[in-house]
Amino acid sequence: LTSATLTVNDNFDYILDDLGLNSGYIDKNFKTNKYYSPFSMEDQLKLFINNNYLDINSKEYIESIYDLVININKKMHKRMLVLCTSYKQISDLRLMFDKYELNKNIFFQDTLTSRQTLLNQYLLHENSILFGTTSFWEGIDLPNDKLEILIIIKMPFSNPYNPIIQAKMDTFTNRNLDPFQHYQLSEAILKLKQGIGRLIRKKNDIGICIITDPRILKRGYGEMILDSLPVNATHYRFPSTIIDQSEKFLGI
């Protein structure tokens with residue numbers, strides 16, 4: 001297996017457990033190795049993390065995402081991908097954009113339109129905004145100016161009511177292990193790294209990543225997330241902080 005998203009907190013324990021390779025029934029005649037990125041991530045990626053106290057399930061939080069997207073789009077005129085974790089988030093944001101009639105060059109994933117169709121529409125304009133969920137977190141390649149600003153609005157925790165997720169959580173509970181700490185958090189970190197990976201695809205790429213979920217800086221598990229990120233993050237409370245520093249970073 002070769003991937004940029006096999007480690008959590010700089011070790012392979014989660015993926016080995018998930019594949020069953022740490023089982024006592026398996027001959028552990030395998031090796032793990034880390035090959036560090038050829039990219040100069042500190043020079044190519046500017047990362048921001050939200051440091052406010054909004055409830056991520058509140059209307060005010062969705063409004064703050066809307067304000068952030070609009071402010072960045074007005075000032076920076078770059079293509080932007082907004083990664084959501086549910087169609088409801090996309091629907092709520094779409095209602096806000098429709099309300100203010102700000103839907104020019106803005107595209108929203110739904111259950112009918114194919115991913116490739118949305119990408120084709122998005123690439124027709126230089127300052128497009130695309131709101132996508134699950135299928136946009138991985139498997140898309142948008143190098144150079146095809147994507148320069150990435151917004152992740154929520155940690156991609158799996159749905160605990162999904163029967164498959166419940167079954168996996170039960171295996172950790174039966175081993176007297178916390179399923180959130182040993183499974184859900186690790187899985188979410190790998191998916192977060194996949195999402196961030198949409199931004200820097202080549203050695204000459206440069207971009208801005210904004211994680212708006214304030215829980216990363218407020219909850220005890222946030223340290224494990226921060227330790228797994230490719231660069232150190234700048235904390236922000238207002239869009240102006242992001243815009244000022246991003247303009248300098250991108251040389252606008």
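User: What counts as a contact here, and which residues does K154 touch beyond its neighbours within four places in sequence?

Analyst: Contact means heavy atoms within 4.5 Å. In this predicted model, and with those sequence neighbours set aside, K154 is in contact with I56, N57, T85, Q89, W137, D213 and R215. K154 itself sits in the loop between β5 (149-152) and α6 (163-174).

User: Which side chain of opposite charge is nearest to K154, and how far away is it?

Analyst: A salt bridge needs a side-chain nitrogen of Lys or Arg within 4 Å of a carboxyl oxygen of Asp or Glu. For K154 the nearest side chain of opposite charge is D213, 6.9 Å away. K154 is therefore without a salt bridge, although buried.

User: How does the radius of gyration of the chain read against the globule rule?

Analyst: The chain has ten helices and seven strands. Its radius of gyration is 19 Å, close to the 18 Å from the globule rule for 252 residues, so the chain is as compact as a globular protein of that length. Along the principal axes, the C-alpha atoms fill a box of roughly 60 × 40 × 35 Å.

User: What share of the residues counts as buried?

Analyst: Of the 252 residues, 44% do. The chain exposes about 13700 Å², with carbon and sulfur atoms supplying 48% of that area.

How values were computed
Residues numbered from 1 in each chain as written. Predicted model: local features only at pLDDT ≥ 70, side-chain atom pairs only at ≥ 80, totals over all residues. Heavy atoms only, no water. Helix = DSSP H or I, 4+ residues; strand = E, 2+ residues; numbered from the N terminus. Buried < 20%, exposed > 50% of the residue type's maximum accessible area, 1.4 Å probe, protein only. Lys, Arg positive; Asp, Glu negative; His and termini not counted. Rg over C-alpha atoms; globule rule 2.2 N^0.38 Å. Areas by Shrake-Rupley, 256 points an atom, 1.4 Å probe, with all protein chains shown as cover.
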